[in-house]
Amino acid sequence: MSQRNLRDRAIQLHRQYKGKIEVVSKIEITSEADLSLVYTPGVGDVCKEIEKNPKELNHLTARGNMVAVVTDGTAVLGLGDIGPHAAMPVMEGKCMLFKTFADIDAFPICLDTKNVDEIVTVVKALQPTFAGVNLEDISAPRCFEIEDRLKRELDIPVFHDDQHGTAIVVLAGLLNGIKVVGKQMEKVKIVINGAGAAGISIAKLLLEAGFAHITLVSLEGVVHQNESWLNSSQRNIAKVTNKTNIKGTLQEAVMGADVFIGVSGPAALKAVHVKKMAKNPIVFAMANPIPEIYPEEALAAGAKVVGTGRSDYPNQINNLLAFPGIFRGAIDSGASDITVEMKIAAAYAIANLIPEKELSSTYVIPNALNNEVPKVVAKAVADTALKKERILLKQI
């Protein structure tokens with residue numbers, strides 16, 4: 001399908017249905033008796049029950065299965081700061097994916113403010129309505145502060161998918177990728193091109209999982225703790241990355257690297273860069289819709305395993321593999337937070353869905369539409385949450 005044809009069909013579809021989601025009643029109202037049960041006077045007794053015991057809220061209303069998909073429209077897909085109104089189709093789509101793959105009722109919340117304090121205040125005020133918060137398409141470095149504050153101030157799971165969803169799926173793909181190329185987690189040298197929300201979160205999760213040698217590259221150059229242009233988030237990650245003190249640009253960083261992870265922009269990685277990497281390198285070029293390097297070019301230059309963010313190539317690194325199961329598991333286990341341990345468990349669950357004998361250079365990550373993925377992720381997350389709860393109870 002041509003890009004123009006895709007554009008016309010997508011706009012026509014959205015115009016035809018006036019958006020992609022709707023609210024559907026679980027109970028039919030066909031009589032006065034029905035009305036008295038679902039609304040007045042019967043609903044008053046339900047309200048009193050919740051007032052008496054607030055924990056009943058999730059059992060007597062839909063709240064226990066509802067997630068808010070929150071954005072300010074400042075970093076939408078590859079479109080940038082297009083604002084909260086134009087972000088609405090993406091948030092609707094995200095809500096559809098929650099329902100389709102995890103049976104979670106998600107609602108788009110597009111906020112007409114870029115003020116961190118205002119966003120935190122509004123989301124906090126929504127806590128009586130939602131059992132979880134999925135932050136989406138909020139620009140860095142504001143997204144870090146917003147998530148950190150909400151995680152501290154709310155007692156429901158908060159998850160910035162652009163950061164953590166991407167990181168989880170990258171980790172899953174890398175766990176299988178290093179098996180294919182016969183390399184070890186502790187020894188591989190990783191270059192992450194893009195030092196925004198996704199790049200920094202990928203670096204953090206890979207470090208937590210046991211990968212030791214990571215260097216980030218920004219538009220300004222290699223992230224090094226002595227650089228004056230670093231923002232606060234980059235300065236913090238610089239303390240635990242770039243152990244060989246590389247300076248310069250991507251060209252210097254990729255010399256001898258085993259892995260390239262791109263969360264940057266089109267055509268950022270050249271064939272000459274791939275040729276300077278270690279033998280049988282892994283390349284995850286995830287810029288969308290145009291990757292940092294196309295798979296054909298990367299493979300011709302010597303790459304062994306190549307992944308992109310696109311569905312028309314093998315090894316699609318797609319957040320859809322992570323967030324539905326993450327929230328399903330967190331909600332089902334009653335978790336108040338989504339921890340590092342849960343993210344790593346989710347990554348291993350995704351990776352292990354492919355039997356080792358089936359792994360190949362074109363198959364290191366399950367298909368995004370594999371219905372088993374959200375199930376195994378949800379179980380891994382819930383098991384990890386409940387295990388932590390049991391440990392805490394033993395310590396009391």
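1. Strands S5 and S6 pair in the parallel sense over five bridges; two strands count as paired if DSSP finds at least two bridges between them. Helices (H or I, at least four residues) and strands (E, at least two) are DSSP runs, numbered from the N terminus. Asn193 stands opposite Val217 in S6. This is a predicted model, in which local features need pLDDT of at least 70 and side-chain atom pairs count only at pLDDT 80 or more, while totals for chains, interfaces and linings use all residues. Residues are numbered from 1 along each chain as its sequence is written, and side-chain values use heavy atoms, with hydrogens and water left out.

2. Strand S6 (residues 213-218) also pairs with S7, in the antiparallel sense and over two bridges. Val217 has Val222 of S7 as its bridge partner. Five of the six residues of S6 are buried, so this strand is largely enclosed by the rest of the structure. Buried means under 20% relative accessible area, exposed over 50%, and partly exposed in between (1.4 Å probe, protein chains only).

3. The open sheet of six strands runs in the order S7-S6-S5-S8-S9-S10, with mixed pairing. Strand S7 (221-222) and strand S10 (305-308) are at the edges; each has a single partner strand, so one side of each is left without a neighbour in the sheet. Helix H8 packs on this sheet and touches strand S5 (189-193), strand S8 (259-262), strand S9 (282-285) and S10. The direction of H8 makes about 155 degrees with that of S9. Helix H9 (residues 197-209) packs on the sheet as well, touching S5, S6 and S8, and its direction makes about 175 degrees with that of S6. Contact here means heavy atoms within 4.5 Å; axes are lines fitted to C-alpha atoms, for helices over the stretch in contact, and angles run from 0 to 180 degrees between N-to-C directions.

4. The largest nonpolar core has 91 residues, of which Leu174, Ile190, Phe211 and Ile261 touch the most other members. A nonpolar core is a set of buried Ala, Val, Leu, Ile, Met, Phe, Trp, Tyr and Cys residues joined through side-chain atoms within 4.5 Å. Helix H8 (residues 161-181) gives the most to this core, with ten residues. Leaving aside neighbours within four places in sequence, Phe211 is in contact with Leu171, Leu174, Leu175, Ile178, Met185, Val188, Ile190 and Leu206. Another core, of 20 residues, lies apart from the largest one; among its members are Val191, Val222, Leu250 and Leu269.

5. Four strands form an open sheet in the order S2-S1-S3-S4, and the pairing is parallel. Its edge strands are strand S2 (105-110) and strand S4 (158-160), each of which pairs on one side only. Neighbouring strands of this sheet are turned by 20 degrees against each other on average, direction ignored. Strand S1 (residues 66-71) and S2 pair over six bridges in the parallel sense, and Ala68 stands opposite Phe107 in S2. Helix H7 (residues 142-153) packs on the sheet, where it touches strand S3 (132-135) and S4; the direction of H7 makes about 165 degrees with that of S4.

6. Helix H14 (residues 323-333) includes Ile326. Ten of the eleven residues of H14 are buried, so the helix is largely enclosed by the rest of the structure. Ile326 counts as buried, at 0% relative accessibility. Not counting residues up to four places away in sequence, Ile326 touches Phe159, Ile168, Ile338, Ala346, Val377 and Val381. Val377 is 51 residues from Ile326 in sequence, and the two are 6.2 Å apart in space, C-alpha to C-alpha. Gly334, which follows H14, has a positive phi, near 70 degrees.

7. Lys247 is in the loop between helix H10 (232-238) and helix H11 (250-253). Lys247 is partly exposed, with a relative accessible area of 46%. Residues up to four places away in sequence aside, Lys247 touches Val222, His224, Asn226, Glu227 and Glu252.
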